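Hi everyone, thanks for making time.

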Amino acid sequence: MRTGYSVETVRAAERALMDELPEGALMQRAAAGLAAACADLLGKVYGARVALLVGSGDNGGDALYAGARLARRGAGVTAVLLAPERAHGGGLAALRAAGGRAVPAGAGEPVLRRADLVVDGIVGIGGRGGLRPEAEALVEAAEGALVVAVDLPSGVDADTGEVRGAAVRADATVTFGAYKPGLFIDPAREHAGALRLVDIGLGPFLDGPPAVEALHHSDVAEMLPFPEPESDKYRRGVVGIVAGSARYPGAAVLAVAGALQGGAGAVRYAGPAADAVIARFPETLVTAGPPSKAGRVQAWVVGPGLGDEAEARRALEDVLAQDVPVLVDADGLRLLDTAAVRARTAATVLTPHAGEAAALLGLSREKVEAGRLSAVRALADRFGVTALLKGSTTLIADGKDTPVRVNPTGTPWLATAGSGDVLSGLTGSLLAAGLPGREAASVGAYLHGLAARTLGAAPITSMDVAAELRGVWRDVARG
């Protein structure tokens, strides 16, 4: 599992570690890791042209010491100093002693245009807001070179992943001691490129839980529910689906597909699309009555394609009144009553995309997309639920003192009609199997994204993704 720690936690750990090390040792560890990563990207260091964008903080010092190491291996290294009078003295001296040179920002553009590799050491993890105009112009001059960010791309927020102006777009980010939350979360994630973590010894000094975490295959494999020898369909989990309408019968079919491929022991369907569901999945148990009359279930999924008529509202109220886990998606989100959700004692999972989250929070869609981490936390807190915010980086929060989960398997190919319906059914089947809301949402998002990735870089349909779920489940279980 990859974990991301807040700037405050990282800073405290650095101070504690520096108290136990000789002066400058921590920066030398960081510089050694940064230089190694740059060498790997260059392939051949000797004769390469390397430009360092150097600000006034410790990130600039890391870049200068790393540049000195590359210069000693035969690279031509030039530091472009954005604040010459405040550049790290020791790092600048080391670079010059190794044969490197330094120029002021005003002379930097020709250097950057000729560079094979540019190291972004403009601002560190404490930076806020976008790049200043002078720095932005220098970054634009580096277009065409490989760009390596020191700790995180300058101009992005380390804690939130927000980008509030011009920012560096790196091919790779070399981060020290611990991942920072923003490196996992869009829009900052798109600026970070490939991530490389350099161990500088912070681990024992990182106090408290991480702010975010991203699951690995092995983490998901441990959470997968497996039937035991004495299992029957109820022990495996029966999930109820309330979805679809005369206008959107396909939403019901897709939600049922996700539930069946997600390992449910049985699926009960209550709604107006029974004929379409049975035609595709004859094993589904259907009812024409209200959800509470459908029979025994361990969890409900309600909302995909439901519409906003009075009958849809009654169905949602019926489901929320039952003392089993409930997942609410799509149209169900528009009909939610906050008090009714907060009054529930069983688990509730909400799965909005950015537009739906914006409506629930009373914000603009643009604000939700720009601040995804704060939005998912706000959803979980306001409704007292597990919130799964779909999008370029899917996030899961439960409003407790637990890290926000970041799904690492997402792909733009999932931006297709009905994709969320499949995810809802899949996650509902995991709730019915007994997984808590946070785990069901995390595993569901992981498998859903992995299924789309397995299909490759080609147009896909949501039913393609549903059909692939069985295979990726097997692959994850096998490790």
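Which residues have the most contacts inside the largest nonpolar core? They are Leu34, Val50, Leu52, Leu70, Val77, Val119 and Phe176, in a core of 55 residues. By nonpolar core I mean a set of buried Ala, Val, Leu, Ile, Met, Phe, Trp, Tyr and Cys residues joined through side-chain atoms within 4.5 Å. Buried is under 20% relative accessible area, exposed is over 50%, and partly exposed is in between, with a 1.4 Å probe and protein chains only. Helix H2, residues 25-42, gives this core its largest share, 10 residues. There is also a second, separate core of 48 residues, and Tyr269, Phe281, Tyr446 and Met463 are among them.

A quick word on provenance. This is a predicted model, where local features need pLDDT of at least 70 and side-chain atom pairs count only at pLDDT 80 or more, while totals for chains, interfaces and linings use all residues. Residues are numbered from 1 along each chain as its sequence is written, and side-chain values use heavy atoms, leaving out hydrogens and water.

Back to Val50. Setting aside residues up to four places away in sequence, Val50 touches Leu42, Leu70, Ala75, Gly76, Val77, Thr78, Leu117 and Val119; contact here is heavy atoms within 4.5 Å.

Now Ala257, in helix H10, residues 249-261. Ala257 counts as buried because its relative accessibility is 1%. Beyond its neighbours within four places in sequence, Ala257 is in contact with Phe281, Met463 and Ala466. Phe281 and Met463 belong to that second core.

Let's zoom out. The protein chain has 20 helices and 18 strands, taken as DSSP runs numbered from the N terminus (H or I, at least four residues, for helices; E, at least two, for strands). Its radius of gyration is 26 Å, close to the 23 Å of the globule rule for 479 residues, so the chain is as compact as a globular protein of that length. That radius is over C-alpha atoms, and the rule is 2.2 Å times the number of residues to the power 0.38. Buried residues make up 57% of the 479.

Finally, some backbone details for you to look at. The peptide bond from Asp186 to Pro187 is cis, with omega near 10 degrees, and Pro187 sits in the loop between strand S7 (172-176) and helix H7 (188-192). Asp151 is not a glycine, yet has a positive phi of about 75 degrees. Asp151 is buried, at 5% relative accessible area.
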